[in-house]
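Here are my notes from a pass through the model, jotted down as numbered points. Have the viewer open while you read.

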Amino acid sequence: RFVWDVGTDLTVDLARESLAAQRDLIGDKRRPILVDTTQLRSTSAEARALYAGPETASLHTAVALLVGSRVSRMIGSFFVGLNVPRAPYQLHTDPAAALRWLEGYLV
């Protein structure tokens with residue numbers, strides 16, 4: 001589980017740092033991840049593109065994004081569609097549902 005701080009403006013540099021920290025934590029074994037984005041203030045287009053790319057797919061078997069509302073989920077789905085992820089993604093408003101979905105990606 002990865003949780004962003006309240007009011008974070010997610011830049012591409014911060015996204016690179018988070019991927020490096022995730023790599024340090026999980027090593028060479030790909031794992032599913034739940035990312036809590038409910039407190040983000042904004043995410044740059046460059047950060048979204050980075051997360052949709054091969055580096056995230058090399059770390060994670062699947063990514064569940066926790067969003068704060070149905071409106072956020074619709075907006076998030078639009079942006080995920082612009083940056084087609086290489087790892088399976090799903091947006092959720094319910095943490096329990098997100099974790100259930102991720103169970104199918106345990107290796």
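1. Salt bridges first: searching the whole structure turns up 2 of them. Keep in mind that this is a predicted model, so each distance below is computed from predicted coordinates.

2. One of the salt bridges joins the side chains of R41 and D9, at 3.1 Å from N to O. R41 sits in the loop between strand 3 (33-36) and strand 4 (42-43), while D9 belongs to strand 2 (residues 9-10), so this pair ties together parts that are 32 residues apart in sequence. As for solvent, R41 counts as exposed, with 61% relative accessibility. D9 is partly exposed, and its relative accessible area is 36%.

3. The side chains of R16 and D13 also meet in a salt bridge, with 3.2 Å between N and O. Here both residues lie in helix 1, 3 residues apart, which is about one turn of the helix. R16 is partly exposed, at a relative accessible area of 46%. D13 counts as partly exposed too, at 49% relative accessibility; that value falls in the partly exposed class because exposed means over 50%.

4. How do helix 1 and helix 2 sit relative to each other, in angle and axis distance? Helix 1 (residues 12-26) packs on helix 2 (residues 45-52) at an angle of about 30°, and the axes are 8 Å apart. That makes helix 1 roughly parallel to helix 2, because angles under 35 degrees are put in that class. On the helix 1 side, the contact is made by V12, A15, R16, S18 and L19; helix 2 brings in E46, A47, L50 and Y51. Sorted by class, the contact of helix 1 with helix 2 has 6 nonpolar, 1 polar and 2 charged residues.

5. I26 is also found in helix 1. Leaving aside residues up to four places away in sequence, I26 touches R31, L59 and H60. For I26 and L59, which are 33 residues apart along the chain, the C-alpha atoms are separated by 7.9 Å.

6. Now the rings. How many aromatic pairs does a search of the whole structure find? The search gives 2. F2 and W4 form an edge-to-face pair, with 5.0 Å centre to centre and 70° between the planes. Both of these residues, F2 and W4, are buried.

7. W101 and Y105 form a pair as well: their ring centres are 5.0 Å apart and their planes are at 55°, so the pair is tilted. The label follows because edge-to-face needs planes over 60 degrees apart and stacked needs them under 30. W101 counts as buried at 17% relative accessibility, whereas Y105, with a relative accessible area of 27%, is partly exposed.

8. To finish, the overall picture. The secondary structure comes to 5 helices and 6 strands, and from the N terminus on the elements run β-β-α-β-β-α-α-β-α-β-α. Of the 107 residues in the protein, 36% are buried. What share of the contacts with a separation of 6 or more comes from residues 24 or more positions apart? It is 85%.

Technical notes
Residues numbered from 1 in each chain as written. Predicted model: local features only at pLDDT ≥ 70, side-chain atom pairs only at ≥ 80, totals over all residues. Heavy atoms only, no water. Axes fitted to C-alpha atoms, helices over the stretch in contact; angles between N-to-C directions. Helix = DSSP H or I, 4+ residues; strand = E, 2+ residues; numbered from the N terminus. Parallel < 35°, antiparallel > 145°, perpendicular 65-115°, else oblique. Contact = heavy atoms within 4.5 Å. Nonpolar A, V, L, I, M, F, W, Y, C, P; charged D, E, K, R; others polar. Phe/Tyr/Trp six-rings, centres within 6.5 Å; stacked < 30°, edge-to-face > 60°. Buried < 20%, exposed > 50% of the residue type's maximum accessible area, 1.4 Å probe, protein only. Salt bridge = Lys/Arg side-chain N within 4 Å of Asp/Glu carboxyl O.
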